[in-house]
Amino acid sequence: TKVDFMANLYHPHQEKMVYLALLSLFAGTAWIYLVINRIFLGFTPGEWVFDQRLGQPNQMGTNMYALKVLARATVTVITGGIIFPLLSMILNRDLLGQVLGLQLYKKV
């Protein structure tokens, strides 16, 4: 495209749309990553490494499971992926999972 990306970041136009576009691109990519992996596999690659999964195996494949995954990913991305994980770590429980009825489980 012959567009100097760094020049756009350091000297954006008056509307500063480049920042909004980058934020939108990051949020969209994060949302797709969370939704696709969790709907089809039940976990993201990071959760798989730590033997975690989202929901019980008997929940997977249902329409309600997919809707809850969509809701969980949407809330996570909207809150920046910081607020609920930080609160969950402080309270030592999956707070967003309790609210939506779709918790993270440790495989045993």
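**Exercise 1. Is Met 89 buried or exposed?**

Before we start, a word on the model: it is predicted, so local features need pLDDT of at least 70 and side-chain atom pairs count only at pLDDT 80 or more, while totals for chains, interfaces and linings use all residues. Residues are numbered from 1 along each chain as its sequence is written, and side-chain values use heavy atoms, leaving out hydrogens and water.

*Solution.* 
- Step 1: locate the residue. Met 89 sits in helix H5, residues 83-91. Helices here are DSSP runs (H or I, at least four residues), numbered from the N terminus.
- Step 2: apply the cut-offs. Buried means under 20% relative accessible area, exposed over 50%, and partly exposed in between (1.4 Å probe, protein chains only).
- Step 3: conclude. With a relative accessible area of 62%, Met 89 is exposed.

**Exercise 2. Work out how H2 and H4 are arranged.**

*Solution.* 
- Step 1: find the helices. H2 covers residues 17-40 and includes Ala 27, while H4 covers residues 63-78.
- Step 2: read the geometry. The two pack at an angle of about 155°, with axes 9 Å apart. Axes are lines fitted to C-alpha atoms over the stretch in contact, and angles run from 0 to 180 degrees between N-to-C directions.
- Step 3: classify. H2 is therefore roughly antiparallel to H4, a label for angles over 145 degrees.
- Step 4: return to Ala 27. Its relative accessible area is 23%, so Ala 27 is partly exposed.

**Exercise 3. Find the salt bridges and place their residues.**

*Solution.* 
- Step 1: A salt bridge needs a side-chain nitrogen of Lys or Arg within 4 Å of a carboxyl oxygen of Asp or Glu.
- Step 2: search. The whole structure holds 2 salt bridges.
- Step 3: take one pair. Arg 38 and Glu 47 meet at 2.3 Å, N to O, and both residues are buried.
- Step 4: take the other. Asp 94 and Arg 72 meet at 3.1 Å, N to O. Asp 94 lies in the loop between H5 and helix H6 (95-100) and Arg 72 in helix H4, so this pair ties together parts 22 residues apart in sequence.
- Step 5: check burial. Asp 94 is buried at 15% relative accessible area, and Arg 72 is buried at 6%.

Conventions. Angles under 35 degrees count as roughly parallel, over 145 as roughly antiparallel, 65 to 115 as roughly perpendicular and the rest as oblique.
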